[in-house]
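Me: I have a structure open and would like to go through it step by step. Can you take my questions as they come?

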Number of protein chains: 2
Amino acid sequence: MTESERMDALQRRIGYRFQSIAHLRLAMTHRSHGSDNNERLEFLGDAILNMVIAQQLFQQFPEAREGQLSRLRARMVKGVTLAEIALEFDLGAHLLLGSGELKSGGFRRESILADAVESIIGAIYLDSGFDASRERILAWFSPRLGQLSLQDTQKDAKTRLQEYLQSRQQELPRYEVVDVRGEAHQQTFYVACNVPVLEKATKGTGSSRRIAEQDAAAVALDALGVERSPS
Amino acid sequence: MTESERMDALQRRIGYRFQSIAHLRLAMTHRSHGSDNNERLEFLGDAILNMVIAQQLFQQFPEAREGQLSRLRARMVKGVTLAEIALEFDLGAHLLLGSGELKSGGFRRESILADAVESIIGAIYLDSGFDASRERILAWFSPRLGQLSLQDTQKDAKTRLQEYLQSRQQELPRYEVVDVRGEAHQQTFYVACNVPVLEKATKGTGSSRRIAEQDAAAVALDALGVERSPS
């Protein structure tokens with residue numbers, strides 16, 4: 001593929017055709033590549049993204065309180081979510097990186113990918129204004145926004161367990177992977193959660209370490225007699 | 001003054017006439033007053049404010065790096081600045097507070113005043129859209145934006161002194177007002193900055209305690225051989 005074919009493909013995936021392709025190229029330029037890079041665009045794009053998502057959640061959840069809106073937004077704009085979008089766009093293949101980052105696989109790094117998504121938002125804004133960038137953000141996030149519910153605003157079990165123990169000045173839990181079973185792409189994780197005030201470690205399982213830890217923390221909350229999910 | 005005259009006066013100071021005065025009234029209702037309060041509007045207004053200021057700084061400082069833009073924005077949107085704007089609008093006189101907050105002088109509290117400014121931004125957005133809220137933000141902030149310069153992005157001396165000592169795992173400085181001279185409205189503060197690794201406390205003076213502390217910290221940075229203002 002020629003450079004121009006590659007840029008065409010990228011714009012199709014993003015769903016936006018740049019009037020000035022230099023905007024897109026700048027958005028794809030990581031600071032390791034040189035002093036003309038996407039950091040300023042990222043600053044701009046981050047602010048636009050936060051605002052558009054805030055506005056959308058405000059409308060979508062008329063009953064949500066401020067804290068719930070904040071937590072829903074945090075879920076939407078966090079690095080993991082943005083990196084997922086970057087993967088959908090195959091941004092890694094288009095990033096301009098310095099040689100150090102190239103060698104160390106920077107095109108796979110979550111933070112670099114997430115920043116590039118924000119930079120593209122900034123670039124679309126510069127290229128044709130607020131409405132275009134807003135329209136793209138909502139299109140990219142629409143499946144994720146559609147799946148949100150107010151139940152998602154409950155704090156996760158690990159956070160609640162930690163806060164519960166801290167409020168009682170008790171030692172914090174330690175998590176330990178005690179077993180991993182299954183093939184590489186379909187593993188089950190077994191995690192033990194050691195809460196010093198409980199006699200026995202609680203156990204959790206899940207398809208990732210994170211999920212298994214949440215599971216073990218939820219069991220610990222039960223064992224401590226703490227409600228799992230307050231309103 | 002009747003209620004409607006007071007609302008008129010407030011709208012004149014803000015520079016915006018609401019189509020639905022209920023939006024303004026909600027923006028002035030603190031959570032201590034009841035469950036129908038300005039917290040959701042504040043969430044919305046905060047995001048709009050951050051975005052409009054980001055966009056303005058991006059344009060105004062084409063040479064600024066991302067870190068500089070971030071610091072300039074933090075200065076603009078911090079609580080102290082918003083509370084100043086609230087005082088210009090005399091918002092304290094219009095706040096609806098619960099009886100507890102009323103008694104404890106909540107109408108003078110910086111955070112409550114700052115939140116009310118963000119709520120008004122959210123209210124204007126709901127009342128007539130993004131362009132109107134953007135126009136008002138830029139009008140309110142215009143004197144402050146006009147005074148900004150890239151030099152302001154340097155970290156202040158106290159912050160740099162603290163970071164320098166922390167990075168060397170050394171004890172942090174203590175500041176002490178050793179003298180205050182002059183009439184009430186024209187005082188000079190004398191502050192000593194005790195840095196454990198320095199033999200003698202350094203001294204600073206200024207028209208406020210804060211300025212005197214900065215001065216003393218700058219002298220300590222000199223004594224430690226640290227550059228006062230890196231680029």
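Reply: Start with Gln169(B), which counts as exposed, with 6 C-beta neighbours inside 10 Å (exposed means 12 or fewer other C-beta atoms within 10 Å of a residue's own, buried 20 or more, partly exposed in between, with C-beta atoms placed from the backbone). This is a predicted model, where local features need pLDDT of at least 70, side-chain atom pairs count only at pLDDT 80 or more, and totals for chains, interfaces and linings use all residues. Residues are numbered from 1 along each chain as its sequence is written, while chains are lettered from A and ligands numbered from 1 in the order in which they are written.

Me: Where does Gln169(B) lie?
Reply: In the loop of chain B between helix H9 (157-167) and strand E1 (174-181). Helices (H or I, at least four residues) and strands (E, at least two) are DSSP runs, numbered from the N terminus. Gln169(B) is not a glycine, yet has a positive phi of about 50°.

Me: New topic. What rotation superposes chain A on chain B?
Reply: One of 179°, with 0.1 Å of shift along its axis, giving an RMSD of 0.6 Å. That is the relation of a two-fold axis. The C-alpha of Met51(A) is the nearest to the axis in chain A, at 3.1 Å. The superposition is by least squares on the C-alpha atoms of residues with pLDDT of at least 70 in both copies.

Me: Through which surface do the copies meet?
Reply: The same one, because 100% of the interface residues of chain A are also interface residues in chain B.

Me: Now helix H5 of chain A. Which residues are buried there?
Reply: Leu82(A), Ala83(A) and Ala86(A), in the helix that spans residues 79-88. They lie on the same side of H5(A), because their arc around the axis is only 100° (taken from the directions from the helix axis to the C-beta atoms). Val80(A) and Glu88(A), on the other side, are exposed.

Me: What do the buried ones pack against?
Reply: Helix H4 (66-77) and helix H7 (110-128) of chain A.

Me: What is Ala86(A) in contact with, leaving aside neighbours within four places in sequence?
Reply: Leu91(A), Leu113(A), Ala114(A), Ala116(A) and Val117(A). Contact means that the C-beta atoms, placed from the backbone, lie within 7 Å.

Me: And what follows H5(A)?
Reply: Asp90(A), with a positive phi near 55°.

Conventions: Contact = placed C-beta atoms within 7 Å.
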